[in-house]
Amino acid sequence: MILYLVIPCYNEEEVLPETAGRLKEKIQNLISQGRITEKSRVVFVDDGSKDQTWKLIEELHKQNTLFSGVKLSRNRGHQNALMAGLYNVRGKADAVISLDADLQDDINAIDGFLDQYNEGCEVVYGVRSSRKKDSFFKKFTAEMFYKMMNLMGAEVVFNHADYRLLSSRALDALFEFKEVNLFLRGIVPMVGFRSGEVYYERNERFAGESKYPLKKMLSFAFEGITSLSIKPIRFIINMGIFMFFVSMLMLLYFLIRHFTGHTVSGWTSLIVSIWAIGGLQLLSIGVIGEYIGKVYLETKQRPRFIIDEFLHEQE
């Protein structure tokens, strides 16, 4: 089989030489075992990096045709960069595996991916077996991320990021989804087909800095929820119904207070009600505005990415 590895890169000059060396060794081992053919490739996608990432990719390609490169015209974000890589290798491989450039995802799990693929799985998810190496804060926020995503209607695989295998058939199906606002962790499960999971221990980042601090993770979660689900809008509807019944009870309460002659008190409940309802209204308008903004972007049908250059040689 022909296997392609697709790796989005943004300012990864510190990790790229080491990453390339490890992946080269891994691919050569798989070829020597007869598990994949010599037509297999490693494709680095430069997502508008500001450092020397693209120059390093060019050098790697010149030294060895095992390495290919895709350069985007500008920074488009991790999900769009990944889609750009998948787009450029579509039709060239029997299966494609996506992973991050820092190789925190254990590349030895690729063997398990291939086993699942040979057993008939069209999609194979790389899932972290534990978070023992994470700090309490990192573990808590990460697990809350997945739980919140599922609670709000974005069905994702728990403890799975973007380390996955897609067969050529699954890849073709993925491109049937035309969303401009991408959240692949939620879209890929919608593809269906037979799927499997491979569990692995995540490694420490050996160089550079994480591209997903807490602020970006929260933004990523909100993007995923509003891109995949209308549950937040339904939540607003339910809150509106709840507040309506509360207002009926409050009306009854104040009528009783009026007829019993207690009309002076009530300042605290009035102020609390005004602030609560005002806050709820602002939150509701914000959520609805987010959806309207996404509809606006979708209707413009702007391209997800623009390819500046593609370095590739097929033997």
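The model is predicted, so local features need pLDDT of at least 70 and side-chain atom pairs count only at pLDDT 80 or more, while totals for chains, interfaces and linings use all residues. Residues are numbered from 1 along each chain as its sequence is written, and side-chain values use heavy atoms, with hydrogens and water left out.

I begin with the chain as a whole. Its secondary structure comes to 10 helices and 8 strands; helices (H or I, at least four residues) and strands (E, at least two) are DSSP runs, numbered from the N terminus. Of the 315 residues, 43% count as buried, where buried means under 20% relative accessible area, exposed over 50%, and partly exposed in between, with a 1.4 Å probe and protein chains only. Among contacts (heavy atoms within 4.5 Å) between residues at least 6 apart in sequence, 84% join residues at least 24 apart. The accessible surface, from the Shrake-Rupley method with a 1.4 Å probe and, for residues, with only the protein chains shown counting as cover, comes to about 16800 Å², and 59% of it belongs to carbon and sulfur atoms.

I turn to the interior. A nonpolar core is a set of buried Ala, Val, Leu, Ile, Met, Phe, Trp, Tyr and Cys residues joined through side-chain atoms within 4.5 Å. The largest one has 35 residues, and those touching the most other members are Leu 5, Leu 23, Val 42, Phe 44, Ile 97, Leu 99 and Ile 110. Elements that each supply at least two of its residues include strand S1 (3-9), helix H1 (16-32), strand S2 (41-46) and helix H4 (109-118). The largest share, 5 residues, comes from H1. Leu 5 touches, among others beyond four places in sequence, Leu 23, Ile 27, Val 42, Ile 97 and Ile 110. A second, separate core holds 31 residues, including Ile 2, Leu 86, Leu 182 and Ile 187.

Arg 164 counts as buried because its relative accessibility is 2%. Its side chain makes a polar contact with the side chain of His 160 at 3.3 Å, and reaches the backbone oxygen of Ala 161 at 3.2 Å. A polar contact is a pair of N or O atoms within 3.5 Å; within protein, one must be able to donate a hydrogen and the other to accept it, and residues adjacent in sequence count only if both atoms are side-chain atoms.

Next, the salt bridges, of which the structure holds 11; each is a side-chain nitrogen of Lys or Arg within 4 Å of a carboxyl oxygen of Asp or Glu. Arg 202 pairs with Asp 100, the closest N and O atoms being 3.8 Å apart. These two partners are 102 residues apart, in the loop between S7 and helix H8 (214-228) and the loop between S4 and H4, respectively. Arg 202 also forms a salt bridge with Asp 105, at 3.0 Å between the closest N and O atoms. Arg 202 is buried, since its relative accessible area is 18%, and Asp 105 counts as buried at 2%. Asp 162 and Arg 185 form another salt bridge, with closest N and O atoms 3.6 Å apart, and both residues are buried. Lys 26, Arg 35, Asp 111 and Asp 115 are linked in a salt-bridge network.
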